[in-house]
Amino acid sequence: MFKRLPGDEARNLVTTTPDTAVVFRPAVVTTPAIITIVIYTWRLLAGLVRAIWRHPVAVTTASTPATLALLYDWQTALLLSTPVPAGLAAWALTDRASFARWVGYRLLAWWRLVWVYRRHWHPVMTVSGLGRHLRGRDYLPRLDKVTCTSWADTVTVRMLDGQALKDWTDRTDHLAHGFGAPSCRVTVARAGRLTLTFPRRDPLATPLPALPIPAAPTMGPIEIGKQEDGQPWQLKVHGTHVLVAGATGAGKGSIIWSTIRALLPAVRAGLVEVWALDPKLMELSFGRPLFGDRYAATPQECADLLDQAVTVMQSRAARFAGLQRSHTATVEDPFVLVVVDEVAFLTAYQADRQLKQRISAALATLTTQGRAVGIGVMAALQDPRKEVMNIRNLFPDKIALRLDESEQVDMVLGDGARDRGALADHISPVPELGAGVGYVRLETSPDPIRVRAAYVSDDDIRDMAGGHEPGHHMPADGGRAA
Ligand SMILES: Nc1ncnc2c1ncn2[C@@H]1O[C@H](COP(=O)(O)OP(=O)(O)OP(=O)(O)O)[C@@H](O)[C@H]1O
């Protein structure tokens with residue numbers, strides 16, 4: 001319906017040779033009306049079949065009363081149709097979730113398709129430059145399908161032949177504004193097809209309280225918050241290293257403490273040890289009893305503790321060589337998680353060059369060789385520039401909380417992450433709205449996921465640390481905190 005029939009432009013084309021009165025006018029063959037009618041009727045029928053196929057619920061809802069009114073009269077149609085909305089209302093009241101899944105979101109998807117996406121498709125594609133105008137014709141990417149979830153619209157699109165993902169990721173702002181959404185994320189569905197995600201509301205706008213401590217010891221993936229799609233945010237810590245970057249007040253502490261909280265039963269069972277490096281003397285000092293003598297604050301202590309971790313790593317590597325290629329946590333060889341708060345204090349901002357080199361070398365050694373022998377590093381930092389953290393690429397999993405500048409997003413999450421929708425520089429600086437909110441890019445997927453970490457308050461940390469005797473390992477089933 002957006003394509004102009006050929007001929008509209010050609011009819012008006014007139015060329016003249018310079019300085020002569022010779023006029024060239026292209027011959028225009030008028031399309032017989034019957035052919036135009038056949039084409040439009042065919043398109044109408046195809047559109048109807050497509051609408052019935054794609055939106056059976058919406059079409060039935062609209063067409064049944066209309067058909068009844070045509071067959072009988074409007075009173076009969078009203079009388080016969082009333083039980084249906086009454087039944088639907090009863091369904092919605094008794095089981096909201098299943099009603100939403102089977103009826104509500106389908107109706108909403110149809111409505112959003114017609115009222116938002118199809119209505120604005122042509123102007124948005126043309127103005128954003130994603131459509132092409134060639135020889136009098138508009139060529140537009142095809143709007144395939146709209147589905148709705150509780151928080152977002154997912155729009156499947158067929159790109160124009162020859163377009164690339166980059167053409168779309170460069171225009172996420174145009175798309176978001178064009179369709180009245182706060183943001184737009186683009187992912188590849190399959191060759192030539194894209195999925196655009198337009199959030200309708202922010203499911204992460206309210207803070208999450210600390211999650212319950214797991215009933216049994218677990219090495220992960222551990223639950224530390226919520227994903228945007230409502231699923232639990234499961235973070236892998238065993239067998240990887242995690243870098244957490246965020247401006248001051250972004251909520252780095254909530255990721256560190258939610259991780260420690262989820263590992264607590266395993267710590268109590270002796271299967272995990274958390275080694276804490278706290279150069280700011282703030283964040284981790286709260287839970288000191290949890291770390292025992294594996295707690296360091298001054299740069300000298302931090303360097304010693306890191307060297308100790310390297311020694312453990314090397315002795316394990318020597319013992320495991322030729323016997324096992326991956327680590328299974330045991331009381332003899334627990335998983336060691338080295339948590340470093342504000343790692344830049346120990347590397348970039350460290351005045352003592354010798355210490356700085358020792359610390360950087362130890363961190364690089366642990367992040368390159370530690371994961372196979374059960375040593376993981378979780379490092380937090382504010383400034384992700386390479387001068388500040390030159391080993392950031394050695395962390396397979398990265399989390400970007402609120403950042404000050406848009407360029408910092410790709411520095412943390414890797415090239416193209418911001419284009420794919422990781423707008424970490426747009427996260428609200430208001431703690432209730434934005435603290436603990438961030439984007440995760442896992443080693444295994446190029447698409448960033450929006451998440452919010454649960455907030456572990458000072459009282460929660462005191463409860464966790466209370467009664468914990470370092471070095472004393474409770475039995476695996478008895479380690480549950482009240
Ligand atoms: N997950 C969260 N949900 C809600 N509020 C949070 C969350 N995390 C932190 N906050 C709030 O934000 C404030 C700052 O958090 P936090 O100190 O953890 O940030 P940070 O990134 O560690 O900052 P800094 O680098 O300055 O230490 C906290 O005092 C708390 O009120």
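Q: How many helices and strands does the chain have?
A: The chain has 14 helices and 18 strands, where helices (H or I, at least four residues) and strands (E, at least two) are DSSP runs numbered from the N terminus. This is a predicted model, in which local features need pLDDT of at least 70 and side-chain atom pairs count only at pLDDT 80 or more, while totals for chains, interfaces and linings use all residues. Residues are numbered from 1 along each chain as its sequence is written.

Q: What makes the chain more spread out than a compact globule?
A: Its radius of gyration is 30 Å, well over the 23 Å that the globule rule gives for 482 residues, so the chain is more spread out than a compact globule; the radius is taken over C-alpha atoms, and the rule is 2.2 Å times the number of residues to the power 0.38.

Q: What makes a residue count as buried, and what percentage of the chain does so?
A: A residue is buried if 20 or more other C-beta atoms, placed from the backbone, lie within 10 Å of its own, and 36% of the 482 residues count as buried.

Q: Why are β10 and β13 said to stand at the edges of the sheet?
A: Ten strands form an open sheet of mixed pairing, in the order β10-β9-β18-β17-β16-β11-β15-β14-β12-β13, and two strands pair if DSSP finds at least two bridges between them. β10 (232–235) and β13 (295–296) each have a single partner strand, so one side of each is left without a neighbour in the sheet.

Q: How do you know that β11 and β16 pair?
A: Strands β11 (residues 242–245) and β16 (residues 397–400) are joined in the parallel sense over four bridges, with Val-244 opposite Ile-399.

How values were computed. Buried ≥ 20, exposed ≤ 12 C-beta atoms within 10 Å, placed from the backbone.
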